[in-house]
Structures are given as C-alpha cells and as structure tokens.
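Biologist: I'm new to this one. Can you walk me through it?

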Amino acid sequence: MSTTTMPTIPALANALPRVEDEIRQLATSSTLPIVNSFSGRITAAGGKRLRSVVLLAGSLALAGEVSEKAVKAAACVELLHAGSLVHDDLMDNAVERRGVRTVNAEWGPGPAVLVGDFMLARASQAALEWISPFAAGKLAAAVTDLVEGQVLEVLDLYDVHRSPDAALRSIALKTGALFRVGCVLAAHCASASDEVTIRLSEYGAHFGLLFQILDDLLDLTSSVERLGKPVGNDIRQGVYTFPLLRSLTEVQREMLAARGRELGDDELTGLLTELRGGGLVPETIAYCRSLAEQTVLALPEVPESEALEILRQLPAAYLEWAVSQIG
C-alpha cells in the first residue's frame, strides 16, 4: 500500500515529501561516505510510510496543522524503522528488500550491524536535537521494545507449540512499538494532554498489531510478484506467526515439528496450499476486522476534522488493501 493509494488530504499530502527530505538528510548525515551510501540506499528504496501517515494525521488532528517538529518526528520514526530492517535482514540472511540488495548481502554481516546501529542511534540523536529530550527518550525506549520483541521471537524459532498469545506479544513489541511511539510523538508535537496521548498511543499499538498480522498473513497467501520476496519465508526462518499458529491442524503441526528446519520447497508449497484451502484466510480476516474496529474505538475524543477521519478510515483501508493482495 503506497501513500498515493491511502485516504489523504492536502496538508498531509504536502507534508509527506518534506518527511522524505528529512529522511534523506538523516540517512546521509554520517561523516563516513560508505555509511551514507548504504543508509541512504536503504531509505531511498521507499516503503508504505504508514508510520509517517499515522503520526502526521494524528498531529494534524490535534493541532490543526503539521508542524516542522511533527515532520522531523516522522523522519526519525522512519529512520528507526529502516535501521531495524537492516538488522532483520541480517538475522534472516535476506539478500534483497524492495528490489535493493541488503547491506548484509552487499557488504557483509558485521558492517550491516554497524549501519543498522548508526540509523537507530541517529534517529534518537536527531529527536534530541530537533524536538526534545522527551521525544529522544521515547524513541530510545522503542528501540528497547524492538530488541525485546526480537529476542522473544528468536527464543520461539521452530517451536510449533508457540502460543498465538506469545506471537502477539512479540509483534506488539516489534511492530506495535513503532506505531505507538509515532502516536506519542504526534501528541507531543501538538502539546496534547496526557489523556489524549494515552488514547492516541493505544490507537498506534492496535494499528501496529493489525499491520503485522496482515503482513504475516500475506507471507502465507500472497505471491512473489506482489510481496517482492519469497512466499512462506517466515516458515522457512522458523518464525511461526499468529495467523499460522491459529490455523495449523495437528497433522500439520506434527509435520513442522519433524521437518521444520529441513523443510523442502515441495513440502512448504504443499503446506501453504493446505492452509489457503482451510480457515486461515477467513479466520484471520475476521480477527483483523475486529481489531480494526478496536483501533478506531481507541481514538481520543477530539474535535471532528478531516485528519481525524483519516485516522478512522486507515485501519479498514489497509485491511482491504491487504485482502486485495491475497492469492
């Protein structure tokens, strides 16, 4: 889902290119050209920028404008996200993301750690310089959540007895943290009350769960052409996700327990076919529709505006886009 296909309004549409400019500046702010080359290339590959949209729309709904601080906050969140992806690619031994060779594939695992570290640290540093100590602290805390969520995932690799709740806890920390901190920064830049900040952060946390569950579903049900990466990659990596764990039959679970680490391509294809023919898709979509409703209900009670309506529409719009990518 690109920012051009999402519901939008002029103030939001005008702010997004400014966010891209700030991301470019941040990603290439190292004193070392080689770090700038890799960091700049990764961020230039783009992405959905949903974290930016949520942050900017939240700030606009609360303050009636998109401030320069809100634009910079969005750039910091996106850079932090990009840095975490560099680390994810390294752990997954991925060679390509969004049509661009990964840092670990191009330069090696050690340098990839350093490039990811630069991006994570630069995001918090920029927030301290541009926004406030509070903003920097919240971004640093989000990094802590990311790390802990990833550790929980690593501890459960290839574990067919991993509970769906354990999978939810991991993604609440890994993915939910970035949407949540974006909403906290949106409220901070708008000088919102503590009550409004808490409600908006809950919106972000719920939206993060929705986003990741749908992403995990697409890994099981979409195509290489639509995903831009191999289908079923989570299963290959031993990451048994929330949609998968809720849908596995006992026979499928036993097969993964016996064959998980040595699972062949034909076995994986057969498993994906079985899952798609069962309750995986309708049950996950039904769960996500309920989660989308919960996301909207979490919104704070603030005056009606086009920006608030964007936040209301976004969960359902993203859900429908994800459904269109299945098959």
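This is a predicted model: local features need pLDDT of at least 70, side-chain atom pairs count only at pLDDT 80 or more; totals for chains, interfaces and linings use all residues.

Biologist: How many salt bridges does the structure hold?

Modeller: There are 15. A salt bridge here is a side-chain nitrogen of Lys or Arg within 4 Å of a carboxyl oxygen of Asp or Glu.

Biologist: Which side chain meets Glu78 in a salt bridge?

Modeller: That of Arg49, at 3.8 Å from N to O. Glu78 sits in helix α4 and Arg49 in the loop between α2 and α3, so the pair ties together parts 29 residues apart in sequence. Helices (H or I, at least four residues) are DSSP runs, numbered from the N terminus.

Biologist: Is Glu78 buried or exposed?

Modeller: Glu78 is buried, at 3% relative accessibility. Arg49 is buried too, at 9%. Buried means under 20% relative accessible area, exposed over 50%, and partly exposed in between (1.4 Å probe, protein chains only).

Biologist: What about the phi of Arg49?

Modeller: It is positive, about 60°, although Arg49 is not a glycine. Most residues other than glycine have a negative phi. Tyr158 also has a positive phi of about 60° and is not a glycine. Tyr158 lies in the loop between α7 and α8 (164-174).

Biologist: Back to salt bridges. What does Arg24 pair with?

Modeller: With Asp21, at 2.8 Å from N to O. They are three residues apart in helix α1 (residues 10-27), so about one helical turn separates them. Arg24 is partly exposed at 47%, and Asp21 is partly exposed at 44%.

Biologist: Which residues are linked in a network of salt bridges?

Modeller: Arg18, Glu22, Glu68 and Lys72.

Biologist: New topic. How many cavities of 30 Å³ or more turn up?

Modeller: Two, in a search of the whole structure. On a 1 Å grid over the protein atoms alone, a cavity is a set of points where a 1.4 Å probe fits but cannot get out; a pocket is an open set with protein on both sides within 12 Å along at least five of seven lines; lining residues have an atom within 4 Å of a point.

Biologist: What is the volume of the largest cavity?

Modeller: About 40 Å³. A volume is the space filled by probe spheres set on the grid points. Helix α4 (68-92) and α5 each supply at least two lining residues. The largest share, three residues, comes from α4.

Biologist: And the second largest cavity, what lines it?

Modeller: Ile42, Ala45, Arg97, Arg98 and Val100. Its volume is about 30 Å³.

Biologist: What is the volume of the second largest pocket?

Modeller: About 240 Å³. It has 15 lining residues, with Phe134, Lys138, Arg180, Val184 and Thr197 nearest its centre. Helix α9 gives the most to the lining, six residues.

Biologist: Last one. Where does Trp107 lie?

Modeller: In helix α5 (residues 103-107). At 33% relative accessibility, Trp107 is partly exposed. With Leu32 and Ile34, Trp107 makes a nonpolar surface patch of about 270 Å². Such patches use residues with over 30% relative accessible area and no salt bridge, with nonpolar side chains (Val, Leu, Ile, Met, Phe, Trp, Tyr) joined within 5 Å and like charges within 9 Å.

Technical notes
Residues are numbered from 1 along each chain as its sequence is written. Side-chain values use heavy atoms; hydrogens and water are left out. Accessible areas come from the Shrake-Rupley method with a 1.4 Å probe; for residues, only the protein chains shown count as cover.
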